[in-house]
Amino acid sequence: MSLYIEARIRADLDDLWAHTQEPARHRRWDLRFGEIDYLPREDGEPQRFRYATRVLPFLTVAGTGVSAGEKRRPDGTRTSALRFASPHPLSLLEEGSGYWRYVPAEDGDGVRFLTGYDYRPRWGRFGRITDRLVFRPLMGWATAWSFDRLRLWLERGITPERAMLHAAVELAVRLLCVAAAVLFVPMVALAVAATMLMLPPLPTTPAARRCLRKAPVRARAPRILAGLGPLTPRAPRTRTEGQYS
């Protein structure tokens, strides 16, 4: 898995599971999704869902996915795995897979909530370059920021909407400080800008930097993920004139 994010959340495991598995709660804290809805399913089948993200005020990119959860393990951990795909031609993300893992902390203080996921971009070479330089770092940051917003909700009771307001106000104040320095004390404007950039966010404001962004040990995808199968099977290759096309 190319992207890895981990947060220590001091909350009840059942409560954390509910906030991440119920679509109505999930879409409130996860910056990556504007809509998440479960689709009808038969008993015993994995859960299918539809998701959508507003890229621009006039453009919404949608996709579908399938997920399965594992709540009972001898060591107390839980796992949720999913596969997802978007047929929208303007979606850089074509298809991918990932998992959430809920690991009770060894010291008994909360839960290690972590994710690993990867995806295949579309648009050929241009898409791969855009993904590596822009989209993938942005997705990693958005995931970590969202995990910290979830943490604030469960630990401090700060709703996702209120946390977003805190983030907007704090950003506006920092920008105003830089603007004031440029207007009134240009000689120190660069120093002020650097200070505003490095100054840690307030404790009530979500921050991606509070999350672990690299796996402490080599992360392995859970076995439950393989059981979901591919969402969009690829067309088989055919051999023509000694080459693949």
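T64 sits in strand β4, residues 59–70. Strands here are DSSP runs of E with at least two residues, helices are runs of H or I with at least four, and both are numbered from the N terminus. T64 has a relative accessibility of 38%, so T64 counts as partly exposed. On that scale, buried is under 20% relative accessible area, exposed is over 50%, and partly exposed lies in between, with a 1.4 Å probe and protein chains only. The C-alpha atom of T64 is 4.4 Å from that of R50, although 14 residues separate the two along the chain.

Before going further, a word on the source. This is a predicted model, where local features need pLDDT of at least 70, side-chain atom pairs count only at pLDDT 80 or more, and totals for chains, interfaces and linings use all residues. Residues are numbered from 1 along each chain as its sequence is written, and side-chain values use heavy atoms, with hydrogens and water left out.

The largest pocket has a volume of about 950 Å³. Of its 40 lining residues, R32, F33, Y51, T53 and M139 are the closest to the centre. A pocket, on a 1 Å grid over the protein atoms alone, is an open set of points with protein on both sides within 12 Å along at least five of seven lines, and lining residues have an atom within 4 Å of a point. The volume is the space filled by probe spheres set on the points, which are joined across faces, edges and corners.

Which helix gives the most to the lining of the largest pocket? That is helix α3, residues 124–156, with seven residues. By type, the lining divides into 26 nonpolar, eleven polar and three charged residues. Nonpolar here covers Ala, Val, Leu, Ile, Met, Phe, Trp, Tyr, Cys and Pro; charged covers Asp, Glu, Lys and Arg; the others, Gly among them, are polar.

W123 is in the loop between β7 (111–121) and α3. Its phi is near 75°, a positive value in a residue other than glycine. W123 is partly exposed, because its relative accessible area is 38%.

Now the charged pairs. Side chains of opposite charge can pair when their charged atoms come close. The structure holds 18 salt bridges, each one a side-chain nitrogen of Lys or Arg within 4 Å of a carboxyl oxygen of Asp or Glu.

One of them joins R78 and D14, at 2.5 Å from N to O. This pair links distant parts of the chain, 64 residues apart: R78 is in strand β5 (residues 78–85) and D14 in helix α1 (residues 13–21). Is R78 buried or exposed? With a relative accessible area of 7%, R78 is buried, whereas D14, at 44%, counts as partly exposed.

D131 and R136 form another salt bridge, with their closest N and O atoms 2.9 Å apart. D131 is buried at 4% relative accessible area, and R136 is buried at 16%.

Within helix α4, E170 and R174 are four residues apart, about one turn of the helix. Their side chains meet in a salt bridge at 2.7 Å, N to O, and both residues are buried. Finally, D148, R151, E155 and R210 are linked in a network of salt bridges.

That is the tour; questions are welcome.

Note on methods
1 Å grid on protein atoms, 1.4 Å probe; cavity = no way out; pocket = protein on both sides within 12 Å on 5 of 7 lines; lining within 4 Å.
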